[in-house]
Amino acid sequence: MTESLTIRRPDDWHLHLRDGAMLEGVLPWTARHFARAIVMPNLVPPVVTGAEAAAYRERILAALPDGMTFEPLMTLYLTEDTDPEDVAAAAESGLVKAVKLYPAGATTNSASGVRDFDKVRPVLERMAEIGLPLCVHGEVTRREIDIFDREAVFIDEVLDPIRRATPGLRVVMEHITTAEAAAYAAEGDETLAATITVQHLMLDRNDMLVGGMRPHLYCLPILKRGTHRPKLVEAATGGSPRFFLGTDSAPHPTHAKEAECCAAGCFTAPVALSCLAEIFDEADALDRLEAFTSLNGPAFYGVPVNEERITLTRGAPIDIPAKIETGAGPVSVFNPGRPVHWRVT
Ligand code: DOR
Ligand code: ZN
């Protein structure tokens with residue numbers, strides 16, 4: 001049995017860092033394991049322009065404790081008023097690595113997102129020209145579509161038409177949760193990729209709902225029926241370059257999770273790599289962990305792989321802290337509810 005594994009330092013291709021006291025509290029938990037992260041722009045108000053992304057990047061770097069290194073890879077929040085030339089300038093300067101598409105109303109702070117996809121056509125065309133990836137929260141928001149079906153419907157109704165209408169557009173299907181999404185990404189060409197979270201690789205909706213509702217497992221897209229999870233594990237561990245890690249670690253203060261209307265998001269950053277090693281170990285695919293965490297993402301985004309290495313070691317189950325303290329209040333840490341034996345050493 002493999003007891004220790006050394007891999008290139010991972011990157012997180014989908015992360016929520018927030019701002020202010022919360023940013024200060026959560027950033028070290030990512031920076032201790034990850035070299036870089038694609039930072040989500042869904043602040044209030046959202047990060048829409050190149051100038052706003054530059055300012056946010058400075059706030060992130062200022063929040064980084066002395067002695068830690070971390071490179072935030074910035075994104076812009078796509079609105080119906082986004083200026084294609086501002087996007088192009090921010091990309092060409094190297095500041096911005098992707099644009100994020102939130103369908104309006106799909107998730108936390110998505111009110112400024114896109115309602116009419118025709119309105120963002122000029123931006124998407126400019127992005128296709130310059131090769132700037134579009135990160136997509138792939139869920140339709142119509143009231144009549146069941147929450148468990150929203151991802152699969154989005155692929156047919158929105159994503160596939162956008163890709164056909166915009167040849168060459170590079171797309172990341174973010175935090176995929178279904179067999180349909182895994183199959184669509186696997187069949188795509190080199191302009192398509194998908195990220196997968198730790199919670200969707202480890203859990204299904206029964207873990208969240210049977211025997212009581214567990215708010216700390218509630219995220220969007222929501223955990224699905226158990227038949228989907230093995231397809232996601234297969235995608236992550238199968239060696240295809242289309243799939244890589246995006247934790248979607250999304251901190252909320254514990255009081256906002258343990259509430260009458262619970263906020264969506266799992267704070268996985270402190271345990272993400274331990275959990276992933278556990279999943280890959282179970283799938284007998286530890287030799288493919290590095291591709292998923294550290295190679296496929298850089299290849300898609302066209303950035304160099306990290307030269308530094310980290311080592312994971314198998315041993316007694318790790319202690320997962322219930323909460324971390326931040327200046328914005330305690331934040332409960334994701335716990336998969338079963339032993340995790342791998343630690344980053
Ligand atoms: O669970 C989620 N939380 N999904 C998202 O898409 C957004 C995120 C957040 O910002 O809290
Ligand atoms: Zn997210």
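Which cavity does the space taken by ligand 1 form?

1. **The model.** This is a predicted model: local features need pLDDT of at least 70, side-chain atom pairs count only at pLDDT 80 or more, and totals for chains, interfaces and linings use all residues. Residues are numbered from 1 along each chain as its sequence is written, chains are lettered from A and ligands numbered from 1 in the order in which they are written, and side-chain values use heavy atoms, with hydrogens and water left out.

2. **The cavity.** The space taken by ligand 1 is the largest cavity. A cavity is a set of points, on a 1 Å grid over the protein atoms alone, where a 1.4 Å probe fits but cannot get out. A molecule sits in one if more than half of its atoms lie within 2 Å of its grid points.

3. **The shell.** Ligand 1 is surrounded by 13 residues. The closest are R18, N42, L220, H252 and A264. To be near, a residue needs a heavy atom within 4 Å. The shell holds four nonpolar, seven polar and two charged residues. Here Ala, Val, Leu, Ile, Met, Phe, Trp, Tyr, Cys and Pro count as nonpolar, Asp, Glu, Lys and Arg as charged, and the others, Gly among them, as polar.

4. **Polar contacts.** These are pairs of N or O atoms within 3.5 Å. H252 places a polar side-chain atom 2.8 Å from an oxygen atom of ligand 1. A polar backbone atom of A264 lies 2.9 Å from a nitrogen atom of the ligand. For G265, a polar backbone atom is 3.2 Å from a ligand oxygen atom. The protein covers 100% of the 290 Å² of accessible area that ligand 1 has on its own. That area comes from the Shrake-Rupley method with a 1.4 Å probe.

5. H14 lies in strand 2 (residues 12-15) and D248 in the loop between strand 9 (243-245) and helix 10 (254-257), so the pair ties together parts that are 234 residues apart in sequence. Helices (H or I, at least four residues) and strands (E, at least two) are DSSP runs, numbered from the N terminus.

6. **Backbone points to check.** Most peptide bonds are trans. The bond from V44 to P45 is cis, with omega near -5 degrees. L220 and P221 are also joined by a cis peptide bond, with omega about -5 degrees.

Notes
Polar contact = N/O pair within 3.5 Å; in protein donor to acceptor, adjacent residues only side chain to side chain. 1 Å grid on protein atoms, 1.4 Å probe; cavity = no way out; pocket = protein on both sides within 12 Å on 5 of 7 lines; lining within 4 Å.
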